[in-house]
Amino acid sequence: MKKVLVLFSHPKFEKSRANTALVDHIKDMEGVTFHDLYERYPDFHINVSAEKKLLSQHDIIIWHHPFYWYSCPPLMKQWIDMVLEFGWAYGPNGDALQSKTCLNVITTGGSREVYCSEGSNSYTIRQFLRPFEQTANLCGMNYLPPFAVMETHKLSDDDLIKHANKYGALITLLKDNLSNIDCNGFSFINDIPKLNTT
Amino acid sequence: MSGSILFEAIVFLAGAIICVSIAKKLGLSSVIGYLFAGVLIGPYVLGFIGNEGEDILHFAEFGVVMMLFLIGLEIEPKNFWNMRKTIVGMGGIQVGGTMLLSYILFALLGFDWKVALVISMAVALSSTAIALQTIKEKGLMDTTFGTSSFSILLFQDIIVIFMLGFIPLLSSTDSNASAEKHSDHTNLLESLPIGFQTLAIIMSVVLIIVAGRYLIVPMLRKVAKTGVRELLIAAALLIVFGISFLMEYVGISPALGAFLGGVVLSNSEFKHELESTLEPFKNLLLGLFFMAVGASINFIVIANSPLTIGGLLIAIIILKAIVLFITGYIFKLKLDQNLLLTCSLAQIGEFAFVLLSFAFGLNILEQEQMDIMLVITALSMSLTPIIGIINERFILPRIGTKESVKRPMDHIAKSQKIILVGFGHFGSTIGRFLRSHGVEATILDHDSNRVDFLRKMGFEVYYGDATRLDLLESAGIADAKIIICATNKINVSKAISKIVKENYPHVEMMIRTKNRYDAYELLNLGHENIYRESLETSLTLAKDVLSKMGFRKYTLTRQVQNFIKYDEDSLRRLASEPKREEDYIFKAKKELEQQEKFLNQDFKRGIVEYDNHWDSEHIRKALNKFNEE
């Protein structure tokens, strides 16, 4: 069974219904390490060696964050900048993350419809996530399509529970080895058949 | 000529003002000024003051009592308890050693053994007034030398009780005769057996401690509530008078009682009020005391036997100095601290006046013996400041911790010189952090042990009083970019800031302050870089409390930044407000009122609620509202 590291970054977690629902559902699952970056590093002073050690102990890396201004919150960028060091994560001998699996789990206010060439945001989520995708690629990781909970402002409590359950199911799948083939052709991992069997 | 009280007051005050300001101009201790003023107005020079000098001396001894009360206020009970070994150890060796040597001296000179014993007791005691006043004036109370001197003096205050109890046993006459001759020394206990006396003494000490907690503090609270300033002055005086009366009644030195009273009150909220109220009284009374000592020097006695007196004076000072030096050596004082101790306590103190006249009253001493010893006492007290100057100007610069040591210029930081004043808990952290960045601050400190240690660690350190312009100049203030005042003494910081602003306005000042009130003052003096030592640490603690209660750390971190910003802004706003009637005496009450105001503002402002960043709920509500419209 593979081990999952959830790198969670939310500057105001206490005010986020959607993320509270998601996190509450998965943080105590077996084989999951829930790592709350804003709580751990409120002063942005990241302990790089501790983070590297944590990464090496896990097979699945999840960047879980709200989708702010088409990107991640600043502490997560700080984490990427500091932890994914040259000569460790990439570059010569930089093979520490080789063949691990990586994906973004995001929450957005906008709907799927606004994230397309005709929509008000002009580009798709997948396009906005290119920097993350290429970061994973450069580090030799398999990058999977994102798990996205969208239109969070409109979601009812029941909707949130459904999303949280799906997040949990996804993590269970990931632990049991979910391959890239399962995700072929899907923009969101939410939509793959294995998660929508019923 | 000297009949009217007004005239006497004028003579004393004018003498003090003229002589002390001259002494200060010459860079001498104020004690010298007062002593010289006393000699000048005394019966043998200008003759303004006649033989009432001794009565005044008795009255002015109250200044010593007040001084010990004030010192007590600065020593918390716990610290006092920690000093017990030094007090008994150093004090015991000093008093024992001096008594032994001077007994031998006077016995060899052919004095009767009783006389020699009484004199040796008097000789063993030093002058609390002169020594402590000088130490406090130089701000050396928290150095090794300061605490050692204080410990010895305190032990003497205690031991004098036993001496006064012991002297009557030497008397061959019956006690009635002595009572007639010296009625002011009879007290409640003389007629009681020794056991009861001890019991009464212990009881009265307990009484002071209990009364301090349960009587004096509640009384002060009531007085403060009335809002009448002079009542607090009256209350402060009442406390000191009351304690002294009680102590004299049971036969303990009033100074010792006052000291205990001070220690008991050192934890109370009225500490600073009492200090600022009694300080001027103490200073004037001590001044009067020194003048009375000067006036009491009997030049006729000196003229009659100049050689005896001169010889004895020198012998006694040397003898006391030797014992003090050995005491300091046993207690591992560094050479320069030890020399300071030796020079500051090598006189016969004011207790000698009491002991000698007491023994004279009991017919142990003859008139001539007493006169000679009294003159020697007064002279030795007058010589102390002079010996101190010789030590500081000529001996100390040659040995021990030098004011500065030459050291090769090895750093680029030389071009951007930083001066750090004070290397205690606060300053040392600054120094370490600067050094970890390759920035070597030039350090000024007045604790020679610390200075030596720092020099060993390779720091450039100047030793001495940082409020002296010449020391600042030799430390290179002229080329400095920044001077950091990390001392916890706001008066030192203020003095430095004044000197630097006047003489080297281009040097930037960064100043540590204890609280917002000191910060107000410095802001009003035009200083911008004020660092309140309590602000960030207490907020960090509060932040961690809230974090443990479940608040998110990042939000708290941001709120701490907001709070600091808000508090700094309000500090600057309040400092710039025109001063309303400043009622320092009820500052404690004012502080509470202001705290309450701040808390109310915090509550109204609801800082946490204003912070809507990243708050999806906030966005949701706004969107819903927009859609409804």
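In what order do the strands of the open sheet of chain B stand? I looked this up in a predicted model, where local features need pLDDT of at least 70, side-chain atom pairs count only at pLDDT 80 or more, and totals for chains, interfaces and linings use all residues. Residues are numbered from 1 along each chain as its sequence is written, while chains are lettered from A and ligands numbered from 1 in the order in which they are written.

**Sheet.** I found an open sheet of 6 strands in the order E3-E2-E1-E4-E5-E6 (chain B), with parallel pairing; strands (E, at least two residues) and helices (H or I, at least four) are DSSP runs numbered from the N terminus, and two strands pair if DSSP finds at least two bridges between them. I noted E3 and E6 (529-532) of chain B as the edge strands, each pairing on one side only.

**Strand E2.** I then followed E2(B), residues 442-445, in which B:Thr442 and B:Leu444 point one way and B:Ile443 and B:Asp445 the other, all of them buried (20 or more other C-beta atoms within 10 Å of the residue's own, C-beta atoms being placed from the backbone). I saw B:Ile443 opposite B:Leu420 of E1(B), and also opposite B:Val461 in E3(B). I counted 3 bridges from E1(B) (residues 417-421) to E2(B) and 4 from E2(B) to E3(B) (residues 460-463).

**Interface.** I recorded 14 residues of chain A in contact with 13 residues of chain B, contact being C-beta atoms, placed from the backbone, within 7 Å.

How values were computed:
A residue is buried if 20 or more other C-beta atoms lie within 10 Å of its own, exposed if 12 or fewer, and partly exposed in between; C-beta atoms are placed from the backbone. Two residues are in contact if their C-beta atoms, placed from the backbone, lie within 7 Å.
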